[in-house]
Amino acid sequence: MKSKTYGYIYREPLATLGGSGVLPTVPPERPITLKMEDATKTPPGAHSHEVTLIPDEVKLAKGRKRYFRKTTTPGAGHQHTITVFWRNGFWMIQRCDDYDDRQYRCKDRHGKYLIEDINV
(Lines give C-alpha, C1' and ligand atoms only; values in the text may rest on other atoms or scores of the structure.)
Protein backbone atom coordinates (compact mmCIF):
# COMPACT_ATOMS: atom_id res chain seq x y z
CA MET A 1 0.00 0.00 0.00
CA LYS A 2 2.97 2.34 -0.52
CA SER A 3 1.43 4.63 -3.13
CA LYS A 4 4.56 6.75 -3.47
CA THR A 5 6.67 3.68 -4.18
CA TYR A 6 4.29 1.57 -6.26
CA GLY A 7 2.10 4.21 -7.90
CA TYR A 8 3.38 3.28 -11.34
CA ILE A 9 1.44 -0.02 -11.28
CA TYR A 10 -2.02 1.61 -11.14
CA ARG A 11 -4.01 1.79 -14.39
CA GLU A 12 -5.19 5.33 -13.64
CA PRO A 13 -3.22 8.20 -12.09
CA LEU A 14 -3.48 8.20 -8.31
CA ALA A 15 -4.86 11.72 -8.32
CA THR A 16 -8.09 10.34 -9.86
CA LEU A 17 -8.27 7.49 -7.35
CA GLY A 18 -9.38 9.53 -4.39
CA GLY A 19 -7.71 12.87 -4.95
CA SER A 20 -4.63 12.18 -2.80
CA GLY A 21 -2.49 14.23 -5.16
CA VAL A 22 0.32 11.68 -4.88
CA LEU A 23 2.18 11.36 -8.16
CA PRO A 24 3.20 7.88 -9.30
CA THR A 25 6.83 6.93 -9.19
CA VAL A 26 8.89 5.77 -12.14
CA PRO A 27 9.01 1.96 -12.46
CA PRO A 28 12.22 0.47 -11.09
CA GLU A 29 14.85 -0.47 -13.62
CA ARG A 30 15.18 -4.20 -14.01
CA PRO A 31 16.84 -6.66 -16.35
CA ILE A 32 14.77 -7.94 -19.27
CA THR A 33 14.71 -11.46 -20.64
CA LEU A 34 14.42 -11.91 -24.39
CA LYS A 35 13.23 -15.19 -25.88
CA MET A 36 14.23 -16.42 -29.33
CA GLU A 37 11.55 -17.63 -31.72
CA ASP A 38 11.14 -21.42 -31.74
CA ALA A 39 13.53 -23.24 -34.08
CA THR A 40 11.90 -24.58 -37.23
CA LYS A 41 14.69 -26.88 -38.44
CA THR A 42 14.61 -30.63 -37.75
CA PRO A 43 16.90 -31.79 -36.32
CA PRO A 44 17.21 -30.44 -33.66
CA GLY A 45 13.45 -29.74 -33.62
CA ALA A 46 11.34 -27.08 -31.94
CA HIS A 47 13.14 -25.38 -29.05
CA SER A 48 14.04 -21.91 -27.88
CA HIS A 49 16.69 -19.99 -25.95
CA GLU A 50 16.76 -16.84 -23.83
CA VAL A 51 19.18 -14.02 -23.09
CA THR A 52 19.03 -11.39 -20.37
CA LEU A 53 19.95 -7.72 -20.77
CA ILE A 54 20.78 -5.59 -17.75
CA PRO A 55 19.09 -2.16 -17.50
CA ASP A 56 22.17 -0.30 -18.78
CA GLU A 57 22.30 -2.51 -21.90
CA VAL A 58 18.61 -1.82 -22.57
CA LYS A 59 19.17 1.95 -22.30
CA LEU A 60 22.21 1.86 -24.57
CA ALA A 61 20.50 -0.34 -27.17
CA LYS A 62 17.42 1.87 -27.33
CA GLY A 63 19.21 5.21 -27.03
CA ARG A 64 22.42 4.82 -28.96
CA LYS A 65 21.63 1.87 -31.22
CA ARG A 66 24.23 -0.33 -29.52
CA TYR A 67 24.64 -4.04 -30.23
CA PHE A 68 25.34 -6.64 -27.54
CA ARG A 69 26.87 -10.08 -27.94
CA LYS A 70 25.20 -12.52 -25.54
CA THR A 71 25.29 -16.26 -24.87
CA THR A 72 21.85 -17.87 -24.73
CA THR A 73 20.47 -20.31 -22.22
CA PRO A 74 20.82 -23.98 -23.18
CA GLY A 75 18.11 -25.65 -25.26
CA ALA A 76 18.07 -28.94 -27.21
CA GLY A 77 21.55 -29.67 -25.88
CA HIS A 78 23.28 -26.52 -27.16
CA GLN A 79 23.63 -22.73 -26.79
CA HIS A 80 24.12 -19.89 -29.24
CA THR A 81 26.12 -16.68 -29.18
CA ILE A 82 23.90 -13.96 -30.62
CA THR A 83 24.27 -10.26 -31.34
CA VAL A 84 21.17 -8.43 -30.06
CA PHE A 85 19.96 -4.97 -31.09
CA TRP A 86 16.87 -2.73 -30.95
CA ARG A 87 15.30 -1.39 -34.15
CA ASN A 88 11.99 0.41 -34.66
CA GLY A 89 10.38 -0.98 -31.50
CA PHE A 90 11.63 -4.57 -31.88
CA TRP A 91 14.42 -6.63 -30.35
CA MET A 92 16.28 -8.43 -33.13
CA ILE A 93 19.17 -10.79 -33.77
CA GLN A 94 21.84 -9.40 -36.04
CA ARG A 95 23.97 -12.53 -36.01
CA CYS A 96 23.86 -15.99 -34.46
CA ASP A 97 27.03 -18.07 -34.17
CA ASP A 98 28.49 -16.21 -37.17
CA TYR A 99 25.69 -17.55 -39.39
CA ASP A 100 23.37 -15.45 -41.54
CA ASP A 101 21.43 -16.44 -44.65
CA ARG A 102 19.36 -13.21 -44.54
CA GLN A 103 16.02 -14.95 -43.90
CA TYR A 104 17.29 -16.75 -40.79
CA ARG A 105 20.01 -15.56 -38.47
CA CYS A 106 20.62 -19.04 -37.13
CA LYS A 107 21.36 -22.53 -38.48
CA ASP A 108 18.46 -23.85 -36.35
CA ARG A 109 16.15 -21.31 -38.07
CA HIS A 110 15.11 -19.48 -34.94
CA GLY A 111 14.06 -16.34 -36.77
CA LYS A 112 15.39 -12.83 -36.35
CA TYR A 113 13.05 -11.43 -33.69
CA LEU A 114 13.30 -11.71 -29.91
CA ILE A 115 10.25 -11.55 -27.66
CA GLU A 116 10.42 -9.75 -24.34
CA ASP A 117 9.39 -12.28 -21.69
CA ILE A 118 7.16 -10.47 -19.20
CA ASN A 119 6.63 -13.61 -17.10
CA VAL A 120 10.16 -13.63 -15.72
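G77 sits in the loop between β3 (68–71) and β4 (81–87); helices (H or I, at least four residues) and strands (E, at least two) are DSSP runs, numbered from the N terminus. This is a predicted model, in which local features need pLDDT of at least 70, side-chain atom pairs count only at pLDDT 80 or more, and totals for chains, interfaces and linings use all residues. Residues are numbered from 1 along each chain as its sequence is written, and side-chain values use heavy atoms, with hydrogens and water left out.

With a relative accessible area of 81%, G77 is exposed (buried means under 20% relative accessible area, exposed over 50%, partly exposed in between, with a 1.4 Å probe and protein chains only). G77 and H47 are 30 residues apart in sequence, and their C-alpha atoms are 10.0 Å apart in space.

Let us turn to the histidines. H80 also has its place in the loop between β3 and β4, but H80 is buried, at 4%. H49, in the loop between β1 (32–36) and β2 (50–53), is buried too, at 1% relative accessibility. Polar contacts (pairs of N or O atoms within 3.5 Å; within protein, one must be able to donate a hydrogen and the other to accept it, and residues adjacent in sequence count only if both atoms are side-chain atoms) join the side chains of H49 and H78 at 3.3 Å, H80 and H78 at 3.1 Å, and H80 and D108 at 3.2 Å. Contacts of H80 (heavy atoms within 4.5 Å) beyond four places in sequence include H49, C96, C106 and H110.

| Salt bridge | N to O distance |
|---|---|
| K59 and E29 | 2.7 Å |
| K70 and E57 | 3.2 Å |
| R69 and D98 | 3.7 Å |

R69 lies in strand β3 and D98 in the loop between β5 and β6 (113–117), so this pair ties together parts 29 residues apart in sequence. R69 is partly exposed, at 48%, while D98 is exposed, at 59%. In the K70 and E57 pair, both residues are buried.

Conventions. A salt bridge is a side-chain nitrogen of Lys or Arg within 4 Å of a carboxyl oxygen of Asp or Glu.
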